[in-house]
Amino acid sequence: MGWEDHRGKRYYYRKRRVGKRVVSDYIGAGPYAEQVAANAARAQAQRAKAQARLTADREVEVILRKLDRLAAALTRATLLAEGYHTHRGEWRKQRHGQKNRAKA
Amino acid sequence: MAKRTVRKPKSKPAAEKLVKLVRQVNTEQPPKREVAVLDQQRQNPEVWRAVSDLRELAHTAILKPFAPAARTAIRQRLEALQETLGYAESPAIERLLIEQISTSWLHLQLVQVVYANGDARWEKRLTAAQGRYLKAIEKLAQVRRRLRPDTVQVNIGAPQMNVAGMLNAPRKTRNQKKSK
């Protein structure tokens, strides 16, 4: 990528997209161009690695979200089974109240 | 640019049923019959298996970039973290929440490392990971406070300690512990 042969000599070009067109910027030939090409390759490898890490983390995130949902459901189920209920987002123990106390 | 494909883990029917049931029953006055059904469902081993499978999947995915030796060391560190939270002597639901804490802690460490290396795209992920970790701690404290009423939360500086059984101890012993 970026290297082009003209009359037996290699020249390095940097490609960039301008709208629908791809524009080539001439960089040069020889050791300087080699250096620029090596830097570009290194940067591209880093970008690819970062992207792969991001994709992997997205997968982890999906699993963690699922795990959170299940753990929350199990926690709620346990509290409900233990006689708690939610009141405006807060867990409270089910009390029997005046009516039930009178019956007892 | 790499194609964004996220593989979704398959849902287990028993686990999905539990989630649905909880949504139905979680009201101000939960109907007794449905609570009984929910109680049965939460003891279904398939639900617990689904949780442990998902956790293993999450650990494998998080530890994938590490060398095998590092993976073993990290797993040992996770076990140590779980022990400090009283994993061995806790009931099943608390164990689940302790595992939740350790998993979210592990993920948070990884995200912190990537963010510290200068990838600004990870800022939102870092915030989410921190939120998940704190929420898991909050859940454990909430459950312990409700299901173990003799647990006292002691905050000394930054670390938080849950001391079980302290309320039943004689007043003198309690005060001695406090003064330390």
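The following paragraphs describe the fold, extent, surface and charges of chain A, and then the domains of chain B. The model is predicted: local features need pLDDT of at least 70 and side-chain atom pairs count only at pLDDT 80 or more, while totals for chains, interfaces and linings use all residues. Residues are numbered from 1 along each chain as its sequence is written, chains are lettered from A in the order in which they are written, and side-chain values use heavy atoms, with hydrogens and water left out.

Chain A contains 2 helices and 5 strands, taken as DSSP runs (helices H or I, at least four residues; strands E, at least two). Along the sequence their order is β-β-β-α-β-β-α. Chain A is more spread out than a compact globule, because its radius of gyration is 32 Å, well over the 13 Å that the globule rule gives for 104 residues. That radius is taken over C-alpha atoms, and the rule is 2.2 Å times the number of residues to the power 0.38. Along the principal axes, the C-alpha atoms of chain A fill a box of roughly 105 × 25 × 15 Å.

Of the 104 residues of chain A, 36% are buried, meaning under 20% relative accessible area with a 1.4 Å probe, protein chains only. Among chain A contacts (heavy atoms within 4.5 Å) between residues at least 6 apart in sequence, 11% join residues at least 24 apart.

Chain A carries 25 positive and 10 negative charges, with mean positions 8 Å apart; Lys and Arg count as positive, Asp and Glu as negative, and His and the chain ends are not counted.

Chain B is divided into domain 1 (13-51) and domain 2 (54-146), with bounds from an automatic or database domain assignment. The centres of these two domains of chain B, taken over C-alpha atoms, are separated by 25 Å.

Technical notes: Buried < 20%, exposed > 50% of the residue type's maximum accessible area, 1.4 Å probe, protein only. Charge placed at Lys NZ, Arg CZ, Asp CG, Glu CD.
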